[in-house]
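Please keep the structure open while reading.

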Amino acid sequence: MEDFLEAQRQLHAAGRSLFLTLNEHSNPPEVVDRIEALLQQLVSSPGLTGVIVADLGLARFLSERFPELILVASTGLALSNSGAVELVRRLGIRRVVFPRMLHLEEMAALVERCPEVEFETFVMNDRCPNVDGLCNFVHWEVGETHFPNQCRFVRLDGATGPDQRPGNFNLSLRFREDACGACSLHALREAGVQHLKIVGRDRGLENKRQAVSFLAGLLERLAAGPLPAGEFHALARERYAETFGRACTPDQCYLPGEGEAKEPAA
């Protein structure tokens, strides 16, 4: 706890945000009591910005007990329509993390329909093949070379494709941990998405530093002035190779095809 509080103090001094993730989908009363005690200790010092939650009951409880904290709906809630977003907003949620299976146009529609809520999306690392909110529930058709979105049908009879035992599953999906959506930053910004999420809490410090630096540099370029989508797409690929020492992998693109969108006709 002392280490955490010291990190919290340093982040506050640097003007940075700190969110505590509580991703369990349900919490019994005794656990809620422990969470409340923990947060009371954390908010006694400045620096805790908010809490990410996947339990609607906990969200309502925390909005009443800690109104100063920003509550964020975890991707584990898999909110994919404006009615669901409005429900969590009434429970005190101020930001929603998009589930990975949404396409850019679906994100843009939700941003437009829910102006009172901020939105966040994954853009780097560990593109999970599971449906967010339903861990281990995977739709996948064996035999395709890549997955353009998250919804596929799993064939488990073993007669139509590779063995689907857990040890072979990621291999059959050609699943890699270096997924990236940097080419789509241009489109995400135009869609009104305000926050980006880098996955990989178990990754080393150097990897995290590289990922933050890589995305921050691209965001700075976007803020500097207009840039055609095609040029930004090429720039993102070039800087990815420079930063990580490898070419990007289209099969693992978070928003496949979005970065290559054609310029509108004059």
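Helix α8 (residues 205-224) packs against helix α9 (residues 229-244) with axes 10 Å apart and an angle of about 155°. α8 is therefore roughly antiparallel to α9, a term for angles over 145 degrees. Axes are lines fitted to C-alpha atoms, for helices over the stretch in contact, and angles run from 0 to 180 degrees between N-to-C directions. Helices are DSSP runs (H or I, at least four residues), numbered from the N terminus. This is a predicted model, in which local features need pLDDT of at least 70, side-chain atom pairs count only at pLDDT 80 or more, and totals for chains, interfaces and linings use all residues. Residues are numbered from 1 along each chain as its sequence is written, and side-chain values use heavy atoms, with hydrogens and water left out.

Contact means heavy atoms within 4.5 Å. Between α8 and α9, the residues in contact include Phe214 and Leu218 of α8 and Phe232 and Tyr240 of α9.

The axes of helix α2 (residues 29-43) and helix α3 (residues 56-65) come within 12 Å and cross at roughly 35°. Val32, Ile35, Glu36 and Leu39 of α2 meet Leu58, Phe61, Leu62 and Arg65 of α3.

Beyond its neighbours within four places in sequence, Phe119 touches residues including Val85, Val96, Leu110 and His195.

Technical notes. Helices (H or I, at least four residues) and strands (E, at least two) are DSSP runs, numbered from the N terminus. Angles under 35 degrees count as roughly parallel, over 145 as roughly antiparallel, 65 to 115 as roughly perpendicular and the rest as oblique.
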